[in-house]
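Let's walk through this one together, question by question. Keep the viewer open as we go.

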Protein chains: 2
Amino acid sequence: MRGNVIVGQSGGPTSVINSSLVGVFKTAKDRGAGKVYGMLHGIKGLLDRQYVDLSEHIKSDLDIDLLKRTPSSFLGSCRFKLPEIKDGKEIYDKIFEILEELNIEAFFYIGGNDSMDTIKKLSDYAIIISSDIKFMGVPKTIDNDLACTDHTPGYGSAAKYIAAVTKEIIRDGLVYDYPVISIIEVMGRNAGWLTAATALAAGEDCEGVDLIYLPEVAFDIDKFMNKVKELSGNGRSVVIAVSEGIKTADGKYVFELADHVEFVDAFGHKQLQGTAKFLSDKVSAEMGVKTRAIELSSLQRCAAHMTSRVDITEAFQVGGAAVKAAFEGDTGKVVVLDRVSEDPYICTTSTQDVHKIANIEKKVPLEWITNDGTYVSDELVHYIRPLIQAELSPMMVDGLPRHLRLEK
Amino acid sequence: MRGNVIVGQSGGPTSVINSSLVGVFKTAKDRGAGKVYGMLHGIKGLLDRQYVDLSEHIKSDLDIDLLKRTPSSFLGSCRFKLPEIKDGKEIYDKIFEILEELNIEAFFYIGGNDSMDTIKKLSDYAIIISSDIKFMGVPKTIDNDLACTDHTPGYGSAAKYIAAVTKEIIRDGLVYDYPVISIIEVMGRNAGWLTAATALAAGEDCEGVDLIYLPEVAFDIDKFMNKVKELSGNGRSVVIAVSEGIKTADGKYVFELADHVEFVDAFGHKQLQGTAKFLSDKVSAEMGVKTRAIELSSLQRCAAHMTSRVDITEAFQVGGAAVKAAFEGDTGKVVVLDRVSEDPYICTTSTQDVHKIANIEKKVPLEWITNDGTYVSDELVHYIRPLIQAELSPMMVDGLPRHLRLEK
């Protein structure tokens, strides 16, 4: 008989983070784990002894399939960074005390590069105190900015949602017989992977977006304005995608541009306005044309009604692979995805040392961005395309997608 | 052998406006029409003799089914108001000259209350000049603000999309263990039908939104702030839905509130900031809590990947009913939907005099809004629920919903 395991979710959620959760749960159960505990609100909740026995909440195959379709973190999330080991020995001792109380054999943490820092520190501390507990990282992030993995679970579904609604926004944006400049703002402070997914909209039935601006390339506002004027010169409508995090050459965010723009609220606070809103206001003012600013907002990470089946499946697999590796003795590792074949697309899992992954951001390679920085290469589109394939249809109840909610 | 017919689309598009287009096309063909012309960009394009023979663009049953899944107006749209007859006789003569050239027996216009004004004026003018051409209005608007009809095609799909993403935003908004105040901004300048649809999110698997503010009730910012403080007092997260058009008792839009807020761009233009953004900034500044402003934006009218089958079917039916009525001799009418049974929901079509509908806005009845103006009644939820039922799954090609685009 194996010991118990515990799993937590951390950082910004995705549409498929619960698929990884059931991947851990089901694989641990199938491989003979005792109890499978879920931390509430990640490591922060665990420190307050907030956890549940997952068997009391995932009771059937239906629950598993509902969880695969439920966005956001079923167990709740946290943004909590453990102190350096030398600065916070008492926190580490408390965590290990709780884990020992619960007879934990393996600890799984589903999160992005910040969360992998938790796995790194806990597995390091386990070595220091000669603990046998295994610590494994399960990757998730819509941002796709994790090192050492072909891509991250969560990215494919976000990319699919972004590409699908971009197609709809393009249809909507080209409907009138006068020019409309639509600017779509996509998540991504430092990495342009999500914004690049708007390139997938182009195809037999869609004109695609005209311009794509990623944070990897310095943004030149004058060149941008000239480009928009050139494109809409003949009176045609233009659709543009920008990352929220695009910056000018001197490192300023675009939404901070132009010091004579003042956005001050009733309390004297400077407001950070959206990038798309800033640019569309500028285009409107300078060119006198109709503009629209569309922020795709948090739906990019929670639109579970439009997920990629490939992504859902891989999210489940990385959860399962983490359990298998831990039960075989691995610790201080993160499960990663290796693309072993392009056509047909085949991806397998392996493990990497967490020290190679924690706190590192992977950006879009510059060779995948066109020379003038206004679009992405075909190679980038070919890289993303397999990740958005196939669907896991929502279970519709009384007209709406059904979710599974943790009953407390 | 019948004569030819012509159909146009006008005003803001919806996810199902093309279902009405194929309803007109297919029914006209089935009932023996000669050619079915499509005006490009509505009456404005027709004045420039811009039209197509729809048989050259809708060539198969596959095309019909793709069009049912294609958002925005296949034929392009316009926002063009005909002058009063006494002020623009030459325009009317030109339109009728073009219609006679094309041997038009019946003219169909798919649009909202502004577009019905076109049908009113053209049918009036037909009487004046003793023309036999029939003019029929086919209703569409996501706003649901048309008089004399139980609801409008386009509303059910927008309501379904809004309710579905509200559920996802709620899951996402409640994930952390500290309070987050999320404010969702929904379309609707004067009528709150769309915002009311956020009430559908509440159910066995969802907490629902906490507060709903419609433009039908004057918005009191102090009462709002007190309500938010009360709800989040225990540290819990709150999700709020507001119509973009909510106004204070003195008739000012909320986004225009507080004269000491200045949003001035580089060119001295005052910016109109979003309602949700304004409120979330105020909550954040006064309460010191994390807030999020989420504008559902144009996806409310173009998210064809999440439509209601009931809506799609009814949109097709009103197109077909308009053709049937015109071929039986009706003119100057609009097809409306009559709910003849609640349970089971059954809706039939009939026709109404366009003079009773054009230019009139139907608002949410005050008895369907709670006394304190912060939520909607169960009656309103029961009214909307049947309209969001069932799905018409997108046709997914290479990972994305497929559309039909007009080849020019």
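Predicted model: local features only at pLDDT ≥ 70, side-chain atom pairs only at ≥ 80, totals over all residues.

Q: Is S130(A) buried or exposed?
A: S130(A) lies in the loop between helix 5 and strand 5 of chain A. Buried means under 20% relative accessible area, exposed over 50%, and partly exposed in between (1.4 Å probe, protein chains only). At 62% relative accessibility, S130(A) counts as exposed.

Q: And H41(A), is that one buried or exposed?
A: H41(A) is not a glycine, yet its phi is positive, about 60 degrees. Most residues other than glycine have a negative phi. You'll find H41(A) in the loop between strand 2 (36-39) and helix 2 of chain A. Its relative accessibility is 10%, so H41(A) is buried.

Q: How far apart are the end C-alpha atoms of helix 5 of chain A?
A: The expected span of a helix is 1.5 Å times one less than its number of residues. Helix 5 of chain A (residues 113-128) has 16 residues and should therefore span 22 Å. That agrees with the distance between its end C-alpha atoms, 23 Å.

Q: How many of the residues of helix 5 of chain A are buried?
A: Among the elements covering the buried residues of this helix are helix 4 (89-101), strand 4 (104-111) and strand 11 (333-341) of chain A. The buried residues include M116(A), I119(A) and L122(A). Helix 5 of chain A is mostly covered, and the count of buried residues out of its 16 is 12.

Q: What is the C-alpha to C-alpha distance between M116(A) and P139(A)?
A: M116(A) sits in helix 5 of chain A and is buried, at 0% relative accessibility. Leaving out residues up to four places away in sequence, M116(A) touches, among others, G137(A), V138(A) and V334(A) (contact means heavy atoms within 4.5 Å). M116(A) and P139(A) are 23 residues apart in sequence, and in space their C-alpha atoms are separated by 8.0 Å.

Q: Which residues are linked with D117(A) in a network of salt bridges?
A: A salt bridge is a side-chain nitrogen of Lys or Arg within 4 Å of a carboxyl oxygen of Asp or Glu. D117(A) pairs with K121(A) at 2.8 Å, N to O, and the two are separated by about one helical turn because they are four residues apart in helix 5 of chain A. D117(A) is buried at 2% relative accessible area, and K121(A) is buried at 4%. The network links D117(A) with E84(A), K120(A) and K121(A).

Q: Where is the proline of the cis peptide bond from D343(B) to P344(B)?
A: Most peptide bonds are trans. The bond from D343(B) to P344(B) is cis, with omega near 5 degrees. P344(B) is in the chain B loop between strand 11 (333-341) and strand 12 (346-353).

Q: What is the area buried between chain A and chain B?
A: Buried area is the accessible area (1.4 Å probe) that two parts lose on being put together, summed over both. The contact takes 73 residues from chain A and 73 residues from chain B. Carbon and sulfur atoms give 55% of the buried area, which is about 6200 Å².

Q: Which element gives the most to the side of chain A that touches chain B?
A: Across this interface the rule finds 10 salt bridges, including one between E204(B) and R402(A) at 2.3 Å, N to O. Elements giving two or more residues to the chain A side include helix 9 (275-287) and strand 10 (290-295) of chain A. The most, 10 residues, comes from helix 6 of chain A.

Conventions
Residues numbered from 1 in each chain as written. Chains lettered and ligands numbered in written order. Heavy atoms only, no water.
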